[in-house]
Amino acid sequence: MKIHLQYFSRLRDLFGHSTTELDIPDGAKVADLLEQIYSRTPALRDWDKSILVAAGVEFVGRNYVLKPGDEISVMPPVQGG
């Protein structure tokens, strides 16, 4: 299934693009998706412990099962002022 990804802030800079689409197996979880991302862009693995992931407008955990057409956002920790 196809998943649309958006990268934000420093992660976008490391990935080199703000958006991409990936094919992942049915039933894949966010953790599986992150491993696929890290294999393509190893520098993102350094951020693994602090990366936030959202499906649509909701933050989701690593066990979230991805659905066809999901819009996934990958971002560093949110900081405020």
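The legends below describe close-up views of a predicted model. Residues are numbered from 1 along each chain as its sequence is written, and side-chain values use heavy atoms, with hydrogens and water left out. Because the model is predicted, local features need pLDDT of at least 70 and side-chain atom pairs count only at pLDDT 80 or more, whereas totals for chains, interfaces and linings use all residues.

**View 1. The whole chain and its order of elements.** The protein has two helices and five strands, these being DSSP runs numbered from the N terminus (helices H or I, at least four residues; strands E, at least two), and along the sequence they follow the pattern β-α-β-α-β-β-β. The radius of gyration, taken over C-alpha atoms, is 12 Å, which agrees with the value near 12 Å for a compact globule of 81 residues, the globule rule being 2.2 Å times the number of residues to the power 0.38. Along the principal axes, the C-alpha atoms fill a box of roughly 35 × 25 × 20 Å. Of the 81 residues, 36% count as buried, where buried means under 20% relative accessible area, exposed over 50% and partly exposed in between (1.4 Å probe, protein chains only). Among contacts (heavy atoms within 4.5 Å) between residues at least 6 apart in sequence, 53% join residues at least 24 apart.

**View 2. Strand β3 and its two partners.** Strand β3 (residues 52-55) runs antiparallel to strand β5 (residues 71-75), to which four bridges join it, and leucine 52 stands opposite methionine 75 in β5. Strand β3 also pairs in the antiparallel sense with strand β4 (residues 58-60), over three bridges; two strands are taken to pair if DSSP finds at least two bridges between them. Alanine 55 stands opposite glutamate 58 in β4, and in the hairpin of β3 and β4, which has two residues between the strands, glycine 56 takes a positive phi near 70°.

**View 3. The largest nonpolar core.** This core has 22 residues, and those with the most contacts inside it are Leu5, Leu33, Ile37, Leu66, Ile72 and Val74; a nonpolar core is a set of buried Ala, Val, Leu, Ile, Met, Phe, Trp, Tyr and Cys residues joined through side-chain atoms within 4.5 Å. The elements that give two or more residues to the core are β1 (2-7), α1 (9-15), α2 (30-40), β3 and β5, and α2 gives the most, with five residues. Leaving aside neighbours within four places in sequence, leucine 33 is in contact with Leu5, Leu22, Ile24, Leu66 and Ile72.

View 4. Val30, Leu33, Leu34, Ile37 and Tyr38 are buried in α2. Seen down the helix axis, these buried residues fall within an arc of 135°, so they line one face of α2, the arc being that of the directions from the helix axis to the C-beta atoms. What covers them includes β1, β2 (19-23), β3, β4 and β5. Serine 39 also lies in α2, but counts as exposed because its relative accessibility is 55%; its C-alpha lies 18 Å from that of arginine 10, which is 29 residues away in sequence.

**View 5. Threonine 20 and its surroundings.** Threonine 20 is found in strand β2 and counts as buried, at 19% relative accessibility. Not counting residues up to four places away in sequence, threonine 20 touches Ile3, His4, Leu5, Tyr7 and Phe15.
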